[in-house]
Amino acid sequence: MPKTIQLQVKTDLNELAEVLAWFNQLHHDAIPKIDWLKCQTALAEAFTNVVRHAHWNLPHETPINLESTLGLDYLEFKIWDHGAEFDLEYEVSILPNEVEETATGGRGLYLLKEIADRLSYTRTGDRNCLLLVKNYSPIV
């Protein structure tokens with residue numbers, strides 16, 4: 001049976017520690033360590049992208065809602081933001097095949113694309129929802 005957790009935080013990079021601690025509630029020994037680390041990385045990148053890009057001009061009190069689900073063979077998270085519409089499919093389609101390891105920025109979408117088995121960004125009402133799904137083979 002899938003387990004789902006939710007969290008709401010303010011638009012503040014200092015909330016990242018709370019976001020990661022919240023996500024750690026889903027950690028399970030059946031998840032391969034590499035997949036768990038990839039999901040943590042993706043969540044950190046996605047959250048910081050919301051703060052730095054989607055909410056760059058919004059007050060710190062603007063909420064960011066998160067939901068994460070642990071299934072038998074997948075991890076999923078959703079992040080809702082109040083930023084402008086963003087064409088994720090287009091932006092991912094124009095990404096280079098590789099990103100400089102020493103680059104100081106611009107790696108977030110590349111990492112999300114590389115980590116996710118499913119990645120989408122949709123507009124509903126006055127919010128956007130980033131969905132990332134990572135499949136894994138359970139350790140038995």
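Threonine 11 is buried, with a relative accessible area of 2%; buried means under 20% relative accessible area, exposed over 50%, and partly exposed in between, computed with a 1.4 Å probe on protein chains only. The residue is placed in the loop between β1 and α1, where helices (H or I, at least four residues) and strands (E, at least two) are DSSP runs numbered from the N terminus. The model is predicted, and local features need pLDDT of at least 70, side-chain atom pairs count only at pLDDT 80 or more, and totals for chains, interfaces and linings use all residues. Residues are numbered from 1 along each chain as its sequence is written, and side-chain values use heavy atoms, with hydrogens and water left out.

The side chain of threonine 11 forms a polar contact of 2.6 Å with the side chain of histidine 55. A polar contact is a pair of N or O atoms within 3.5 Å; within protein, one must be able to donate a hydrogen and the other to accept it, and residues adjacent in sequence count only if both atoms are side-chain atoms. A polar atom of the threonine 11 side chain also lies 2.7 Å from the backbone oxygen of threonine 62. Not counting residues up to four places away in sequence, threonine 11 touches Val51, His55, Pro59, His60, Thr62 and Ile64, contact meaning heavy atoms within 4.5 Å.

Two further polar residues lie in strands. Glutamate 67 belongs to strand β2 (residues 63-70) and counts as buried at 15% relative accessibility. Its side chain is joined to that of glutamine 6 by a polar contact of 2.8 Å. Asparagine 128, in strand β5 (residues 127-135), counts as buried at 1% relative accessibility. Its side chain makes a polar contact of 3.3 Å with the side chain of tyrosine 121, and one of its side-chain polar atoms lies 3.3 Å from the backbone oxygen of alanine 84. Asparagine 128 and glycine 83 are 45 residues apart in sequence, yet their C-alpha atoms are 7.1 Å apart in space.

Attention now turns to the nonpolar interior. In soluble globular proteins, nonpolar side chains tend to be buried together. The largest nonpolar core has 35 residues, of which Leu66 and Leu75 touch the most other members; such a core is a set of buried Ala, Val, Leu, Ile, Met, Phe, Trp, Tyr and Cys residues joined through side-chain atoms within 4.5 Å. With nine residues, α2 gives the most to this core. Beyond four places in sequence, leucine 75 touches residues including Phe23, Leu26, Ile31, Trp36 and Cys39.

Helix α2 also packs against two other helices. The axes of α1 and α2 come within 10 Å and cross at roughly 145°; axes are lines fitted to C-alpha atoms, for helices over the stretch in contact, and angles run from 0 to 180 degrees between N-to-C directions. In this contact, Leu16, Val19, Leu20, Trp22 and Phe23 of α1 meet Trp36, Cys39, Gln40, Leu43, Ala44, Phe47 and Thr48 of α2. The axes of α2 (residues 33-54) and α4 (residues 108-115) come within 9 Å and likewise cross at roughly 145°. Here Lys38, Thr41, Ala42, Glu45, Ala46 and Asn49 of α2 face Gly108, Leu109, Leu111, Leu112 and Ile115 of α4 in the contact.
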